[in-house]
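Hi there,

Here is the model I promised to pass on.

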Amino acid sequence: MKQISESILYVGVDDTDIGLFEHQYPVDEGISYNSYVILDDKIAIMDTADRRRTDEWLSNVDEALGGRTPDYLVIQHLEPDHSGSIQAAIDKYPDITLVGSAKTSQMIAQFIDTDVSGRFTAVKEQDTLELGAHTLTFVMAPMVHWPEVMVSYESHEKILFAADGFGTFGALCNNVPWIDEATHYYFNIVGKYGPSVQTLLKKASGLDIQKIAPLHGPVLPEEGKELSYYLGKYDAWSRYEPEEKGVLLLHASLHGNTIAAVEQFAQELKAAGETVEVIDLNTEDVSEAVEKCFMYDRIVLASVTYDGALFPTMNDLLYHLSIKNFQNRTFGIIENGSWAPASGKKMREYIEGFKNCNILEPVVTIRTRRTPADQANFDALKAALTQA
């Protein structure tokens with residue numbers, strides 16, 4: 001049994017054969033469903049686990065309890081990867097009291113079959129739960145990243161139970177460093193809700209936090225790191241600030257001509273001293289491309305025209321960025337079309353819908369394949385990118 005401290009035990013479980021998290025995000029390293037037990041005069045279980053791992057989770061809880069009966073189940077987040085074993089907990093511990101936000105009390109019937117209205121305690125901002133030496137103070141965190149979310153601060157050991165905040169992909173058994181999966185997780189799961197994250201960070205700044213216990217990924221800080229490292233990352237990410245000064249080129253090609261044009265342009269940008277990364281949207285998962293877009297300050301989109309519109313993989317990327325509240329970037333556009341190029345217009349329409357994003361001129365148009373006649377326009381776009 002993993003100990004967070006003498007009185008706080010980790011009872012979560014790893015899922016290493018899930019493949020796709022939420023049926024959309026590739027998780028080659030798996031994922032963890034974190035849950036914790038606080039042992040005191042009263043016992044609190046902090047969240048449950050996905051129903052894929054209910055039996056294992058119940059076994060971990062039973063071992064941690066050592067024959068005792070839990071008093072409370074604190075529900076910080078109702079998404080099924082964390083609420084999927086609530087029903088099993090209620091069935092096994094019929095006298096347990098559920099604790100959650102008022103919004104959780106309104107929504108919980110969607111996730112379980114038992115009527116818990118008589119044993120649900122709805123808490124509000126700064127309400128406390130006394131366990132003995134340990135006291136939980138509840139901090140509301142709506143839209144990080146669901147409306148019912150709250151986090152819990154345990155003042156005796158100075159631990160913030162952070163719900164989905166500060167979480168990562170990656171099963172704990174694989175010992176994946178937090179930063180290796182944190183960006184992929186944040187920008188795809190939480191990234192849309194930067195203002196809500198900023199509100200939570202402001203609340204957290206008034207707490208004396210020594211450890212952060214998220215619902216996915218490792219308990220923080222990792223060895224050799226300070227909590228300020230993680231808080232700083234979340235502050236920058238939730239302000240939509242790029243971490244990399246460089247040019248990200250993303251291409252969607254049909255027969256390879258757009259790829260060839262972009263690869264040549266990448267070499268020209270590198271020769272001009274730029275840091276460059278190229279992503280093939282036809283082979284890279286869109287969630288990885290979304291992550292990279294959030295990391296770089298300048299982005300070049302290159303797409304073939306397809307049935308008078310965008311190639312599907314480029315359209316998919318821009319759709320995902322639009323629903324993730326993407327903002328504060330500079331874009332270049334390269335369009336390709338054999339007889340009626342239209343992809344540039346479609347890409348521009350998406351970008352103009354983003355907040356505080358600039359489109360550089362010129363928009364480069366190639367006809368089927370890049371030729372020496374296109375060099376002047378590529379040089380002009382290169383100059384605009386290097387000066388941006």
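The count of aromatic pairs comes to 23, where rings of Phe, Tyr and Trp (its six-membered ring) pair if their centres lie within 6.5 Å. One of them joins Phe326 and Phe331, with 6.2 Å centre to centre and 70° between the planes, an edge-to-face pair (planes under 30 degrees apart count as stacked, over 60 as edge-to-face and the rest as tilted). Phe326 counts as buried because its relative accessibility is 2%, and Phe331 does so at 0%; buried means under 20% relative accessible area, exposed over 50%, and partly exposed in between, with a 1.4 Å probe and protein chains only. Ring pairs also link a cluster whose members include Phe326, Phe331, Trp178, Tyr230 and Trp237.

Before you go further, please note that this is a predicted model: local features need pLDDT of at least 70, side-chain atom pairs count only at pLDDT 80 or more, and totals for chains, interfaces and linings use all residues. Residues are numbered from 1 along each chain as its sequence is written, and side-chain values use heavy atoms, leaving out hydrogens and water.

Phe331 also belongs to one face of strand 21, together with Ile333 and Glu335. Strand 21 covers residues 330–336 (strands are DSSP runs of E, at least two residues, and helices are runs of H or I, at least four, numbered from the N terminus). Seven of its seven residues are buried, so strand 21 is largely enclosed by the rest of the structure.

Lys2 lies over Tyr10 at 5.4 Å from the ring centre, and Arg370 over Phe378 at 3.8 Å.

Finally, Ser83 lies in helix 2 (residues 80–83) and is buried at 4% relative accessibility. Its side chain comes to 2.6 Å from the backbone oxygen of Leu78.

Happy exploring!

Conventions: Polar contact = N/O pair within 3.5 Å; in protein donor to acceptor, adjacent residues only side chain to side chain. Lys NZ or Arg CZ within 6 Å of the ring centre and 35° of its normal.
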